[in-house]
Amino acid sequence: MIGNDWDELLKDEYRKDYFKNLISFVDNEYHEKVIYPPKSEIFNAFRFTSYKDVKVVILGQDPYHGEMQAEGLSFSVKNCVNKPPSLQNIFRELESDMGIPFPKSNSLIPWAKQGVLLLNAVLTVQKSSPASHKDKGWEIFTDEVIRKLNKKNTPIVFILWGNFAKQKSKLITNPIHYVISSAHPSPFSAYNGFFGSKPFSKTNEFLKKNNLKEINWNVEE
């Protein structure tokens, strides 16, 4: 399904009834409604970032539900649309934290290619209907992904923004990993602890300390 080492790691999940039922539900939704991201991009987070390469995880809730926005990566949108407010705030914090100018680009694919797994807990959504695919089975699947990442014997930085993401911290028990949590970058909460939290520099400090290559957070280089 994915085309790299994730397939071997997740093969048992693919065979489970909940996953088969989930895929059947999703297939039907694509036939009857407008669903995002495009079907071919549902597993983009895994395709761009193999298990062996994961150094950072940024956890989102579900894909953007506006037209042409979602591209299968948490918080990332296609360059052909306007930046959603949360992504704007992420780039504002990046500029404040790392001195990287606010980019014209929207896509976070350059992060994914460096080992940043941009994982949504729910991988599909109906147009203009946030959380419409919640509790259909995706959370069972992505919780298992987090458990497998927790078992890695190389350190990972888990970036958890907002209460939903913070709830996943219970799955991260391996002491070699580093959890960074703060308020969500949404305009409703960004001023309650997201701005000034410096997640990007903290991540790179941890990676450097563990002799891992730092992330170039500039999406335009």
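This is a predicted model: local features need pLDDT of at least 70, side-chain atom pairs count only at pLDDT 80 or more; totals for chains, interfaces and linings use all residues.
Biologist: Let's start with the overall build. How many helices and strands does the protein chain have, and in what order do they run?

Modeller: The chain has eight helices and six strands. Starting at the N terminus, the order is α-α-β-α-β-α-α-β-β-α-β-α-β-α.

Biologist: What makes the chain as compact as a globular protein of that length?

Modeller: Its radius of gyration is 17 Å, and the globule rule gives 17 Å for 221 residues, so the chain is as compact as a globular protein of that length. The C-alpha trace spans about 45 × 40 × 30 Å along its principal axes.

Biologist: And what share of the residues is buried?

Modeller: Of the 221 residues, 57% count as buried. The accessible surface is about 10300 Å², with 49% of that belonging to carbon and sulfur atoms.

Biologist: Which share of the contacts joins residues at least 24 apart?

Modeller: Looking at contacts between residues at least 6 apart in sequence, 66% join residues at least 24 apart.

Biologist: How far apart are the mean positions of the positive and negative charges?

Modeller: They sit 3 Å apart, counting 29 positive and 25 negative charges.

Biologist: On to the rings. How many aromatic pairs turn up in the whole structure?

Modeller: The search finds 20. Phe 43 and Phe 46 form one of them, with 6.2 Å from centre to centre and 50° between the planes.

Biologist: Why is that pair of Phe 43 and Phe 46 called tilted?

Modeller: Stacked needs planes under 30 degrees apart and edge-to-face needs over 60, with the rest called tilted. The 50° of Phe 43 and Phe 46 falls between those cut-offs, therefore the pair is tilted. Both residues are buried, too.

Biologist: Then why is the pair of Trp 161 and Phe 200 called edge-to-face?

Modeller: Its planes are 70° apart, which is over 60, so edge-to-face is the label. The centres are 6.4 Å apart, and the pairing limit is 6.5 Å. This pair links distant parts of the chain: Trp 161 lies in strand 5 (residues 157-161) and Phe 200 in helix 8 (residues 199-209), 39 residues apart.

Biologist: How do you know that Trp 161 and Phe 200 are buried?

Modeller: Buried means under 20% relative accessible area. Trp 161 has 2%, so it counts as buried.

Biologist: Which residues do ring pairs link into a cluster?

Modeller: Trp 6, Tyr 14, Tyr 18, Phe 19, Phe 43, Phe 46, Tyr 51, Trp 138 and Phe 141.

Biologist: Now the backbone. What kind of peptide bond joins Tyr 36 and Pro 37?

Modeller: A cis one, with omega at about -5°. Pro 37 belongs to the loop between strand 1 (35-36) and helix 3 (44-48).

Biologist: What is the phi of Met 68, and why is this residue called partly exposed?

Modeller: Phi is positive, about 65°, although Met 68 is not a glycine. Met 68 has 42% relative accessibility, so it counts as partly exposed. You'll find Met 68 in the loop between strand 2 (56-60) and helix 4 (85-98).

Biologist: And Phe 75: buried or exposed?

Modeller: Phe 75 has 10% relative accessibility, which is under 20%, so it counts as buried. Its place is in the loop between strand 2 and helix 4. Phe 75 also has a positive phi, about 70°, although it is not a glycine.

Terms used
Residues are numbered from 1 along each chain as its sequence is written. Side-chain values use heavy atoms; hydrogens and water are left out. Helices (H or I, at least four residues) and strands (E, at least two) are DSSP runs, numbered from the N terminus. The radius of gyration is taken over C-alpha atoms; the globule rule is 2.2 Å times the number of residues to the power 0.38. Buried means under 20% relative accessible area, exposed over 50%, partly exposed in between (1.4 Å probe, protein chains only). Contact means heavy atoms within 4.5 Å. Accessible areas come from the Shrake-Rupley method with a 1.4 Å probe; for residues, only the protein chains shown count as cover. Lys and Arg count as positive and Asp and Glu as negative; His and the chain ends are not counted. The place of a charge is taken as NZ of Lys, CZ of Arg, CG of Asp or CD of Glu. Rings of Phe, Tyr and Trp (its six-membered ring) pair if their centres lie within 6.5 Å; planes under 30 degrees apart count as stacked, over 60 as edge-to-face and the rest as tilted.
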